[in-house]
Number of protein chains: 2
Amino acid sequence: MTMENTWWLAPCAPLQTGIAEQAAQRQAELTKPLGALGRLEQVAIQCAAWQGQVQPSITQPHAVLFAADHGVVAQGVSAFPQAVTVEMLKNFVHGGAAMSVLTQHHGMPLTLVNCGTAIPCEQVTGVLHRPIALGTADFSQQPAMTTEQAQQALALGAEQAEHAHQQGCDLLLVGEMGIGNTSCATVLAAALLQQPVAELVGAGTGLAGAALAHKCEVLTRSVERADIGPEHDALNIAEQLGGFEVLAMTGAYLRAAQLGLPSLVDGFIASAALLLAQRFQPRVTDWVLYGHQSAEPGHQAVLAALNAQPLVSLGMRLGEGSGAAIAYPLVQQALLLHRAMATFAEAAVSSSASEG
Amino acid sequence: MTMENTWWLAPCAPLQTGIAEQAAQRQAELTKPLGALGRLEQVAIQCAAWQGQVQPSITQPHAVLFAADHGVVAQGVSAFPQAVTVEMLKNFVHGGAAMSVLTQHHGMPLTLVNCGTAIPCEQVTGVLHRPIALGTADFSQQPAMTTEQAQQALALGAEQAEHAHQQGCDLLLVGEMGIGNTSCATVLAAALLQQPVAELVGAGTGLAGAALAHKCEVLTRSVERADIGPEHDALNIAEQLGGFEVLAMTGAYLRAAQLGLPSLVDGFIASAALLLAQRFQPRVTDWVLYGHQSAEPGHQAVLAALNAQPLVSLGMRLGEGSGAAIAYPLVQQALLLHRAMATFAEAAVSSSASEG
């Protein structure tokens, strides 16, 4: 795929607000008190705005999982060794990882993309191998990658969104795997929100005590080194502090929104990638729903900046897209209720107005 | 069914805590950071304790919906006319109500029980007609029912739990329909928690402003009239302020717990019924999971008293069991992940301990 170097500047698809109003009217006519389905009503109305259908349905969800490694793990910021990224890719292929189990349960294809693992793994079948490099550079010492690599990573995600869209996908779930990528999400969030790392950093896969303090110190130093200011654009931030899989997610959200393909957003790392996407293209968030509130402390700050309300809050902190997959049945149930419930007129039920 | 007048004093089934410990051990071995599935891990462990299976599964959920009317609506405490209870029963039969749509989607049988609608409706087929009376008496003026009627309502719920259990049900969802039953739940909660009605009362199906203030005044007066003190037992409270469908729910939770049949609890009315069940039998809450946090303000207080954390909080306030049904796929996903994910050993993935 050839893409312009600035493909992300193309506008997002418009929302069909007139159809959304009709969907809201339908919600008012269904046999329930007005508003009694709470946020499920908003989900249905949002999907109507996306699809231009008063009674929308989602029948072809597709999950894409981007995997890559991070140079910063050399500083000892993760509880797991870097070998785990490739080991987990194999686990995804064999169906043993959480996201494999959930996507299979939902009848949802799961595309696995190697964006650049530290240990070469081209021999692993069932994975789309598109490595940009053997992991990023250590962003505590230098930019995580070159401008060209950042563009490659963004384009890789965009390409996957396009591919899913071409196959008829009507809801995209983007996930990630990469030892050290909560660190990457934390520094991205710190730079984008101009908030101290100390307010955003968390346990990741399981750090505590001195190890967590050390992570905080390394990441604070990384953000200082990158020295991001208002004069830096999204691409600068991406190359300074990004990860290949994180930028692929950013590219996927951007391209999906341009194509009118909605995304169901996962947790902290996904939301940081989306926050970066918003810096490229502010309307990208018109095309997302938020799956879950992660236990990672930085997620709350990123969600607040995105004005986002996730569907569930279950203390999960796994990544992979698993929080989005867990929330997916709530979206399905919202749409089903919207389509299948009877109206007051159809069911001959008295509405509250009839009493006064 | 003949039941002793004090059948509710029989103990609840014991939890299999040894099996729960084995299930917790399995969670620690699955290919994810420890605790990364958050509350889904606790759901799986809780089900293991219920079923005595390290890898539990739920295959026969069953929903029972109790419908009845409330004398207190004569005081103008609901936005909907009383005719709606029977109209909605027909809507349930025809599949147009939210709970009909959700249970059909989940392949879950839905038993409809008429516990005492104000308008006789024996002609409606597809409903189990077991009316105790044509609605309760107006509890703002007098006890809602006789002691015998309260016992009948409790036994009716118990009978349905037994019936579901006999058919192999492994998860019970109990719902309700009854114009005025948020009022009933509110006064029950006020009496049981010894909290002012004003802190618990809410919009129900859609009251606001002066109508809501009037509801608050009527319900405050009702609780004062009943004059419940520490010397009153659960059955006293039930007959003073209960509703037939609410007490049927109480009876269902109690009998289900005795039989070792777990329940997935719906919103405010269901939780008030459970709070009353806890007054009969403190261990009843060992046998429940909480589906959702309702938008009704009293629910927060009742949940706090039950030390309960619902699975979702979506601003729903519909009743019918719909919040439990919405949360049901989260329980299923929790169990699926617990059973189907690979362990670190099976997947040859390095655990964090391997790094140190």
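## Contacts and overall build of chain A

Take the contacts within chain A (contact means heavy atoms within 4.5 Å): among those between residues at least 6 apart in sequence, 76% join residues at least 24 apart. This is a predicted model, in which local features need pLDDT of at least 70 and side-chain atom pairs count only at pLDDT 80 or more, while totals for chains, interfaces and linings use all residues. Residues are numbered from 1 along each chain as its sequence is written, chains are lettered from A and ligands numbered from 1 in the order in which they are written, and side-chain values use heavy atoms, with hydrogens and water left out.

Chain A has 13 helices and 6 strands; these are DSSP runs, helices being H or I with at least four residues and strands E with at least two, numbered from the N terminus. Its radius of gyration is 21 Å, close to the 21 Å that the globule rule gives for 356 residues, so chain A is as compact as a globular protein of that length. Here the radius is taken over C-alpha atoms, and the globule rule is 2.2 Å times the number of residues to the power 0.38. Along the principal axes, the C-alpha atoms of chain A fill a box of roughly 70 × 40 × 40 Å. Of the 356 residues in chain A, 65% are buried (buried means under 20% relative accessible area, exposed over 50%, and partly exposed in between, with a 1.4 Å probe and protein chains only).

## Where the two chains meet

On the chain A side, 54 residues are in contact with 54 residues of chain B. The two chains bury about 4,300 Å² between them, with 66% of it on carbon and sulfur atoms. Buried area is the accessible area (1.4 Å probe) that two parts lose on being put together, summed over both. In chain A, the residues that lose the most area to chain B are Phe80(A), Leu314(A) and Gln333(A), together 14% of what that side buries.

The elements giving two or more residues to the chain A side are α2 (39–51), α3 (83–94), α4 (98–105), α12 (322–340) and α13 (344–347) of chain A. Among these, α12(A) gives the most, with 8 residues. The residues on this side divide into 32 nonpolar, 17 polar and 5 charged, where Ala, Val, Leu, Ile, Met, Phe, Trp, Tyr, Cys and Pro count as nonpolar, Asp, Glu, Lys and Arg as charged, and the others, Gly among them, as polar.

## A covered helix in chain B

Now for helix α8 (residues 234–241) of chain B, which is mostly covered: 7 of its 8 residues are buried. Its buried residues are Ala234(B), Leu235(B), Ile237(B), Ala238(B), Glu239(B), Gln240(B) and Leu241(B). Their cover includes α5 (147–166), α6 (181–193), α7 (209–226), α9 (244–259) and α10 (268–280) of chain B. At the start of α8(B), a side-chain oxygen of Asp233(B) comes within 3.1 Å of the backbone nitrogen of Leu235(B).

## Salt bridges

Over all chains, the structure holds 10 salt bridges. One of them joins the side chains of Arg221(A) and Glu217(A) (2.8 Å, N to O). Both residues lie in helix α7 (residues 209–226) of chain A, 4 residues apart, about one turn of the helix. Arg221(A) counts as partly exposed at 31% relative accessibility, as does Glu217(A) at 39%.

In chain B, Glu162(B) forms a salt bridge with Arg255(B), their closest N and O atoms being 2.5 Å apart. This pair links distant parts of the chain, with Glu162(B) in helix α5 and Arg255(B) in helix α9 of chain B, 93 residues apart. Both Glu162(B) and Arg255(B) are buried.

## Two buried loop residues

Thr136(A) sits in the loop between β3 (128–129) and α5 (147–166) of chain A, and it is buried, with a relative accessible area of 7%. The side chain of Thr136(A) reaches the backbone nitrogen of Gly71(A) at 3.1 Å.

Ser140(B) lies in the loop between β3 (128–129) and α5 of chain B and is buried, at 5% relative accessible area. Its side chain makes polar contacts with the side chains of Asp138(B) (2.7 Å) and Gln141(B) (3.0 Å).

Conventions:
A polar contact is a pair of N or O atoms within 3.5 Å; within protein, one must be able to donate a hydrogen and the other to accept it, and residues adjacent in sequence count only if both atoms are side-chain atoms. A salt bridge is a side-chain nitrogen of Lys or Arg within 4 Å of a carboxyl oxygen of Asp or Glu.
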